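Reader: Hello! Please pick one part of this molecule and take me through it slowly, with the cut-offs behind each term.

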Amino acid sequence: MRKILLGLLLLAAAKVWYQDHAYRTAMGEAVIEAYRERAIEVCRRNAPKRPAGARDDATVASTVSWGPASSIEAVIGNPDINVAIWDTQNPLWTQRFRDPHLILTATTGSGSARCAYDVHEGGAKLSLR
């Protein structure tokens, strides 16, 4: 009897996990399709302009080609913002832990660039790695 009960419990847990996984995957894909073009446009616009002869992060950022070939994922919160979870009075807390973001990643000659598009605010933050 215990084996049957354990088997039914495992089946129920697998069903709940599968439904949650399927829902999150479908919603992530829907958000990506809805906001992909806007995120690419904002990331292109926010990239710093390349100064003549400069060899710094601005040069690398301006050579990034944000486009449909860039990898993109939907996440809740921007992991690049440094805010503690218990610091709820911080004005950046909602951007870090609540707002949906699209993370675009593109490779450059010297590493990779990452643009976090905030779906709620409509802005983007660029970081180089």
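Author: Happy to. A residue is called buried when its relative accessible area is under 20%, exposed when it is over 50%, and partly exposed in between, using a 1.4 Å probe and protein chains only. Accessible areas come from the Shrake-Rupley method with a 1.4 Å probe, and for residues only the protein chains shown count as cover. What you see is a predicted model, in which local features need pLDDT of at least 70 and side-chain atom pairs count only at pLDDT 80 or more, while totals for chains, interfaces and linings use all residues. Residues are numbered from 1 along each chain as its sequence is written, and side-chain values use heavy atoms, leaving out hydrogens and water.

Let's look at helix H1, which covers residues 2–46. Helices (H or I, at least four residues) and strands (E, at least two) are DSSP runs numbered from the N terminus. H1 has a kink of about 55°, centred on Tyr35; the bend at a residue is the angle between axes fitted to the seven residues ending there and the seven starting there.

Leu11 sits in H1 and counts as exposed because its relative accessibility is 59%. Together with Met1, Ile4 and Leu8, Leu11 makes a nonpolar surface patch of about 510 Å². Patches take residues with over 30% relative accessible area and no salt bridge, joining like charges within 9 Å and nonpolar side chains (Val, Leu, Ile, Met, Phe, Trp, Tyr) within 5 Å.

The buried residues of H1 are Gly28, Ile32, Arg36, Ala39, Ile40, Val42 and Cys43. Their cover includes strands S1 (71–76), S2 (100–108), S3 (111–118) and S4 (124–128).

Now the charged residues. Side chains of opposite charge can pair when their charged atoms come close. A salt bridge here is a side-chain nitrogen of Lys or Arg within 4 Å of a carboxyl oxygen of Asp or Glu. Arg24 and Asp20 form one, with closest N and O atoms 3.1 Å apart; both lie in H1, four residues apart, about one turn of the helix. Arg24 is exposed at 58%, whereas Asp20 is partly exposed at 36%.

Arg36 bridges to Glu33 at 3.4 Å. Arg36 counts as buried because its relative accessible area is 18%, while Glu33 is exposed at 57%. Because Arg36 and Glu33 are three residues apart in H1, about one helical turn separates them.

Finally, Glu41 pairs with Arg38 at 3.3 Å, and Arg45 joins Arg38 and Glu41 in a network of salt bridges.

Technical notes. Contact = heavy atoms within 4.5 Å.
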